[in-house]
Amino acid sequence: MTPASPSAPVLTIDGPSGSGKGTVSRLVAEALGWHLLDSGALYRAVGYAAGSADLDLSDVDAVTRCAQATKIRFRDPGDGGETRVIVNGHDATDELRTETAGAAASAIAAIPGVRAALFERQRGFRRAPGLVADGRDMGTVIFPDAPYKVFLTASAAERAQRRYKQLKAKGLSVTLAALLHEIEARDARDAARVVAPLKPAADAVTIDTTGMPVQTVVSRVLALVRPAS
Ligand code: C5P
(Lines give C-alpha, C1' and ligand atoms only; values in the text may rest on other atoms or scores of the structure.)
Protein backbone atom coordinates (compact mmCIF):
# COMPACT_ATOMS: atom_id res chain seq x y z
CA MET A 1 0.00 0.00 0.00
CA THR A 2 1.21 3.51 -0.77
CA PRO A 3 2.14 5.52 2.35
CA ALA A 4 -0.07 8.32 3.70
CA SER A 5 0.67 11.60 1.95
CA PRO A 6 -0.49 14.92 3.43
CA SER A 7 -0.06 16.56 0.03
CA ALA A 8 -2.26 14.15 -1.98
CA PRO A 9 -5.41 15.86 -3.31
CA VAL A 10 -8.66 15.18 -1.45
CA LEU A 11 -12.25 15.47 -2.63
CA THR A 12 -14.62 15.57 0.35
CA ILE A 13 -18.23 14.47 -0.16
CA ASP A 14 -20.36 15.25 2.90
CA GLY A 15 -24.09 15.17 3.44
CA PRO A 16 -26.91 13.48 5.31
CA SER A 17 -27.85 9.82 5.15
CA GLY A 18 -29.44 8.86 1.82
CA SER A 19 -28.13 11.90 -0.04
CA GLY A 20 -26.36 9.54 -2.43
CA LYS A 21 -22.90 10.15 -0.96
CA GLY A 22 -21.92 6.49 -0.78
CA THR A 23 -22.75 5.65 -4.39
CA VAL A 24 -21.46 8.93 -5.79
CA SER A 25 -18.20 8.69 -3.79
CA ARG A 26 -17.54 5.16 -5.02
CA LEU A 27 -18.22 6.02 -8.68
CA VAL A 28 -16.18 9.23 -8.55
CA ALA A 29 -13.26 7.43 -6.86
CA GLU A 30 -13.37 4.75 -9.56
CA ALA A 31 -13.48 7.35 -12.36
CA LEU A 32 -10.52 9.25 -10.90
CA GLY A 33 -8.57 6.15 -9.85
CA TRP A 34 -8.37 7.57 -6.31
CA HIS A 35 -8.63 5.88 -2.91
CA LEU A 36 -11.95 5.94 -1.06
CA LEU A 37 -12.64 6.55 2.62
CA ASP A 38 -16.11 5.54 3.84
CA SER A 39 -15.90 7.29 7.21
CA GLY A 40 -19.45 6.24 8.18
CA ALA A 41 -18.22 2.63 8.18
CA LEU A 42 -15.68 3.54 10.90
CA TYR A 43 -18.44 4.94 13.14
CA ARG A 44 -20.65 1.96 12.36
CA ALA A 45 -17.75 -0.37 13.23
CA VAL A 46 -17.21 1.31 16.60
CA GLY A 47 -20.96 1.17 17.34
CA TYR A 48 -20.94 -2.49 16.41
CA ALA A 49 -17.87 -3.25 18.54
CA ALA A 50 -19.43 -1.44 21.51
CA GLY A 51 -22.69 -3.36 21.04
CA SER A 52 -20.85 -6.68 20.73
CA ALA A 53 -19.07 -5.93 24.02
CA ASP A 54 -22.47 -5.18 25.61
CA LEU A 55 -21.44 -1.62 26.44
CA ASP A 56 -24.02 0.98 27.36
CA LEU A 57 -23.76 3.37 24.39
CA SER A 58 -24.24 6.34 26.69
CA ASP A 59 -21.20 5.36 28.79
CA VAL A 60 -18.86 7.94 27.30
CA ASP A 61 -15.63 6.62 28.84
CA ALA A 62 -16.25 2.98 28.00
CA VAL A 63 -17.27 3.75 24.41
CA THR A 64 -14.27 6.06 23.96
CA ARG A 65 -11.91 3.30 25.15
CA CYS A 66 -13.68 0.92 22.79
CA ALA A 67 -13.15 3.33 19.85
CA GLN A 68 -9.44 3.57 20.70
CA ALA A 69 -9.07 -0.22 20.89
CA THR A 70 -11.25 -1.36 17.97
CA LYS A 71 -9.28 -2.70 15.03
CA ILE A 72 -10.95 -1.83 11.72
CA ARG A 73 -9.72 -3.00 8.33
CA PHE A 74 -11.20 -2.56 4.86
CA ARG A 75 -10.63 -5.49 2.53
CA ASP A 76 -11.15 -5.26 -1.20
CA PRO A 77 -12.41 -8.68 -2.34
CA GLY A 78 -10.53 -8.12 -5.62
CA ASP A 79 -13.43 -9.28 -7.83
CA GLY A 80 -15.08 -5.86 -8.12
CA GLY A 81 -17.42 -6.85 -5.27
CA GLU A 82 -18.29 -4.85 -2.18
CA THR A 83 -15.46 -3.79 0.15
CA ARG A 84 -15.53 -5.92 3.31
CA VAL A 85 -15.20 -4.29 6.72
CA ILE A 86 -13.32 -6.37 9.27
CA VAL A 87 -13.93 -5.37 12.89
CA ASN A 88 -11.62 -6.95 15.48
CA GLY A 89 -10.92 -9.79 13.05
CA HIS A 90 -14.60 -10.48 12.24
CA ASP A 91 -16.14 -9.69 8.83
CA ALA A 92 -18.99 -7.44 10.02
CA THR A 93 -19.96 -6.03 6.58
CA ASP A 94 -23.51 -7.41 6.68
CA GLU A 95 -24.20 -6.34 10.26
CA LEU A 96 -22.89 -2.82 9.60
CA ARG A 97 -25.46 -2.14 6.85
CA THR A 98 -28.51 -2.37 9.06
CA GLU A 99 -30.47 0.61 10.37
CA THR A 100 -29.68 -0.58 13.90
CA ALA A 101 -25.96 -0.20 13.15
CA GLY A 102 -26.67 3.26 11.65
CA ALA A 103 -28.51 4.36 14.76
CA ALA A 104 -25.73 3.02 17.04
CA ALA A 105 -23.14 4.83 14.90
CA SER A 106 -25.06 8.09 15.16
CA ALA A 107 -25.27 7.72 18.96
CA ILE A 108 -21.57 7.03 19.52
CA ALA A 109 -20.55 9.64 16.89
CA ALA A 110 -21.75 12.37 19.27
CA ILE A 111 -19.02 11.42 21.79
CA PRO A 112 -15.97 13.72 21.39
CA GLY A 113 -13.54 10.98 22.51
CA VAL A 114 -14.81 8.68 19.77
CA ARG A 115 -14.31 11.36 17.11
CA ALA A 116 -10.83 12.06 18.47
CA ALA A 117 -9.96 8.35 18.35
CA LEU A 118 -10.91 8.22 14.66
CA PHE A 119 -9.33 11.55 13.66
CA GLU A 120 -5.79 10.42 12.74
CA ARG A 121 -7.02 7.10 11.35
CA GLN A 122 -9.11 8.97 8.83
CA ARG A 123 -6.27 11.28 7.87
CA GLY A 124 -4.12 8.21 7.25
CA PHE A 125 -6.29 7.40 4.22
CA ARG A 126 -4.86 10.39 2.35
CA ARG A 127 -2.60 8.79 -0.21
CA ALA A 128 -1.39 9.44 -3.74
CA PRO A 129 -2.82 9.78 -6.32
CA GLY A 130 -5.76 11.16 -4.30
CA LEU A 131 -8.60 10.44 -1.89
CA VAL A 132 -12.38 10.70 -2.09
CA ALA A 133 -13.58 11.08 1.51
CA ASP A 134 -17.25 10.32 2.18
CA GLY A 135 -18.83 11.47 5.45
CA ARG A 136 -20.34 14.25 7.50
CA ASP A 137 -17.32 16.31 8.56
CA MET A 138 -14.74 15.49 5.90
CA GLY A 139 -14.62 19.05 4.55
CA THR A 140 -15.11 20.84 7.87
CA VAL A 141 -12.94 18.89 10.36
CA ILE A 142 -10.89 16.03 8.92
CA PHE A 143 -9.63 17.56 5.66
CA PRO A 144 -10.33 21.31 5.99
CA ASP A 145 -7.56 22.01 3.46
CA ALA A 146 -9.07 19.71 0.78
CA PRO A 147 -8.98 21.43 -2.61
CA TYR A 148 -12.36 19.98 -3.64
CA LYS A 149 -15.44 19.92 -1.39
CA VAL A 150 -18.98 18.85 -2.14
CA PHE A 151 -22.08 18.77 0.08
CA LEU A 152 -24.90 16.56 -1.23
CA THR A 153 -28.47 16.98 -0.04
CA ALA A 154 -31.91 15.68 -1.03
CA SER A 155 -35.36 15.92 0.51
CA ALA A 156 -35.96 13.61 3.50
CA ALA A 157 -38.78 11.87 1.59
CA GLU A 158 -36.50 11.08 -1.35
CA ARG A 159 -33.68 9.93 0.93
CA ALA A 160 -36.04 7.57 2.75
CA GLN A 161 -37.25 6.23 -0.61
CA ARG A 162 -33.66 5.57 -1.79
CA ARG A 163 -32.72 3.89 1.46
CA TYR A 164 -35.88 1.77 1.24
CA LYS A 165 -34.92 0.52 -2.24
CA GLN A 166 -31.33 -0.17 -1.16
CA LEU A 167 -32.30 -2.15 1.93
CA LYS A 168 -35.06 -4.04 0.12
CA ALA A 169 -32.57 -4.99 -2.62
CA LYS A 170 -30.35 -6.40 0.13
CA GLY A 171 -33.28 -8.47 1.37
CA LEU A 172 -33.76 -6.55 4.62
CA SER A 173 -37.27 -6.04 5.93
CA VAL A 174 -38.12 -2.36 6.47
CA THR A 175 -41.07 0.02 6.06
CA LEU A 176 -40.88 3.38 4.33
CA ALA A 177 -42.57 5.19 7.23
CA ALA A 178 -40.10 3.77 9.76
CA LEU A 179 -37.18 4.76 7.52
CA LEU A 180 -38.43 8.31 7.09
CA HIS A 181 -38.82 8.60 10.85
CA GLU A 182 -35.32 7.16 11.43
CA ILE A 183 -33.74 9.47 8.82
CA GLU A 184 -35.36 12.57 10.29
CA ALA A 185 -34.29 11.60 13.81
CA ARG A 186 -30.73 10.89 12.66
CA ASP A 187 -30.53 14.21 10.72
CA ALA A 188 -31.67 16.11 13.80
CA ARG A 189 -29.13 14.33 16.03
CA ASP A 190 -26.26 14.76 13.55
CA ALA A 191 -27.04 18.46 12.99
CA ALA A 192 -27.55 19.30 16.67
CA ARG A 193 -24.50 17.64 18.19
CA VAL A 194 -21.85 19.87 19.69
CA VAL A 195 -18.83 18.22 18.03
CA ALA A 196 -18.61 18.25 14.25
CA PRO A 197 -22.31 18.92 13.54
CA LEU A 198 -23.50 18.09 10.03
CA LYS A 199 -23.14 21.26 7.98
CA PRO A 200 -21.50 22.17 4.68
CA ALA A 201 -17.98 23.60 4.77
CA ALA A 202 -18.00 27.30 3.90
CA ASP A 203 -16.10 26.49 0.69
CA ALA A 204 -18.15 23.42 -0.32
CA VAL A 205 -20.27 23.25 -3.47
CA THR A 206 -23.78 22.13 -2.45
CA ILE A 207 -25.69 19.91 -4.87
CA ASP A 208 -29.37 19.12 -4.22
CA THR A 209 -29.77 15.67 -5.74
CA THR A 210 -33.58 15.43 -5.35
CA GLY A 211 -34.85 13.94 -8.62
CA MET A 212 -31.36 13.86 -10.13
CA PRO A 213 -30.00 10.65 -11.69
CA VAL A 214 -26.80 9.37 -10.04
CA GLN A 215 -24.83 9.75 -13.27
CA THR A 216 -25.69 13.46 -13.43
CA VAL A 217 -24.46 13.97 -9.86
CA VAL A 218 -21.26 12.04 -10.65
CA SER A 219 -20.62 14.20 -13.75
CA ARG A 220 -21.15 17.40 -11.77
CA VAL A 221 -18.73 16.28 -9.07
CA LEU A 222 -16.13 15.10 -11.58
CA ALA A 223 -16.36 18.47 -13.35
CA LEU A 224 -15.13 20.16 -10.17
CA VAL A 225 -12.00 18.04 -10.11
CA ARG A 226 -11.44 17.92 -13.84
CA PRO A 227 -12.94 21.05 -15.37
CA ALA A 228 -13.53 20.72 -19.12
CA SER A 229 -10.61 22.38 -20.89
O1 C5P B 1 -22.80 7.47 6.46
P2 C5P B 1 -23.34 6.45 7.42
O3 C5P B 1 -24.83 6.32 7.40
O4 C5P B 1 -22.66 5.13 7.30
O5 C5P B 1 -22.94 7.03 8.88
C6 C5P B 1 -23.49 6.48 10.05
C7 C5P B 1 -23.46 7.53 11.16
O8 C5P B 1 -22.10 7.81 11.53
C9 C5P B 1 -24.05 8.90 10.79
O10 C5P B 1 -25.43 9.00 11.05
C11 C5P B 1 -23.27 9.87 11.65
O12 C5P B 1 -23.87 10.01 12.93
C13 C5P B 1 -21.95 9.18 11.86
N14 C5P B 1 -20.88 9.77 11.04
C15 C5P B 1 -20.27 10.90 11.53
N16 C5P B 1 -19.23 11.45 10.85
C17 C5P B 1 -18.83 10.92 9.68
C18 C5P B 1 -19.47 9.77 9.16
C19 C5P B 1 -20.51 9.22 9.86
O20 C5P B 1 -20.64 11.41 12.57
N21 C5P B 1 -17.79 11.47 9.05
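Colleague: Is Ala67 buried or exposed?
Modeller: Buried means under 20% relative accessible area, exposed means over 50%, and partly exposed lies in between (1.4 Å probe, protein chains only). The relative accessibility of Ala67 is 0%, so Ala67 counts as buried.

Colleague: What kind of model is this?
Modeller: Residues are numbered from 1 along each chain as its sequence is written, and side-chain values use heavy atoms, with hydrogens and water left out. Local features need pLDDT of at least 70, side-chain atom pairs count only at pLDDT 80 or more, and totals for chains, interfaces and linings use all residues, since this is a predicted model.

Colleague: In which helix is Ala67 found?
Modeller: Helices (H or I, at least four residues) and strands (E, at least two) are DSSP runs, numbered from the N terminus. By that naming, Ala67 is found in helix H3.

Colleague: Which residues is Ala67 in contact with, leaving aside its neighbours within four places in sequence?
Modeller: Contact means heavy atoms within 4.5 Å. With those neighbours left aside, Ala67 is in contact with Val46, Val114, Ala117 and Arg121.

Colleague: Which residues touch the most other members of the largest nonpolar core?
Modeller: A nonpolar core is a set of buried Ala, Val, Leu, Ile, Met, Phe, Trp, Tyr and Cys residues joined through side-chain atoms within 4.5 Å. The largest one has 30 residues, and those that touch the most other members are Leu37, Val114 and Phe143.

Colleague: Which element gives the most to this core?
Modeller: Two or more residues each come from helix H2 (39–52), H3 (60–69), E4, H5, helix H6 (112–123), E6 and helix H7 (138–142). With 6 residues, the element that gives the most is H2.

Colleague: How many residues are in the other core that lies apart from it?
Modeller: The other core includes Leu11, Leu32, Leu152 and Val218. Its count is 17 residues.

Colleague: In what order do the strands of the open sheet stand?
Modeller: Strands of a sheet pair through backbone hydrogen bonds, either parallel or antiparallel. Two strands pair if DSSP finds at least two bridges between them. In this open sheet the pairing is parallel, and the 5 strands stand in the order E2-E6-E1-E7-E8.

Colleague: Which strands stand at the edges?
Modeller: An edge strand here has a single partner strand, so one side of it is left without a neighbour in the sheet. That describes E2 (35–38) and E8 (205–208).

Colleague: How many bridges pair E1 with E6?
Modeller: E1 (residues 10–14) is mostly covered, as 5 of its 5 residues are buried. Val10, Thr12 and Asp14 point one way from E1, and Leu11 and Ile13 the other way. On one pairing, Thr12 stands opposite Lys149 in E7, and E1 and E7 pair over 4 bridges. With E6 (residues 131–135), where Gly135 stands opposite Asp14, the pairing is parallel and the number of bridges is 5.

Colleague: At about what angle does helix H10 run to E7?
Modeller: Axes are lines fitted to C-alpha atoms, for helices over the stretch in contact, and angles run from 0 to 180 degrees between N-to-C directions. H10 (residues 214–225) lies across E1, E7 and E8, and its angle to E7 is about 160 degrees.

**Charged pairs**

Colleague: How many salt bridges does the count come to?
Modeller: Side chains of opposite charge can pair when their charged atoms come close. A salt bridge is a side-chain nitrogen of Lys or Arg within 4 Å of a carboxyl oxygen of Asp or Glu. By this rule the count is 16.

Colleague: How far apart are the closest N and O atoms of Arg26 and Glu30?
Modeller: Arg26 and Glu30 are 4 residues apart in helix H1 (residues 21–32), so about one helical turn separates them. Arg26 is partly exposed at 41% relative accessible area, and Glu30 is exposed at 54%. They form a salt bridge, with the closest N and O atoms at 4.0 Å.

Colleague: How many residues apart are Glu99 and Arg163?
Modeller: Their side chains meet in a salt bridge of 3.2 Å, N to O. The pair links distant parts of the chain, Glu99 in helix H5 (residues 99–108) and Arg163 in helix H8 (residues 156–169), and the separation is 64 residues.
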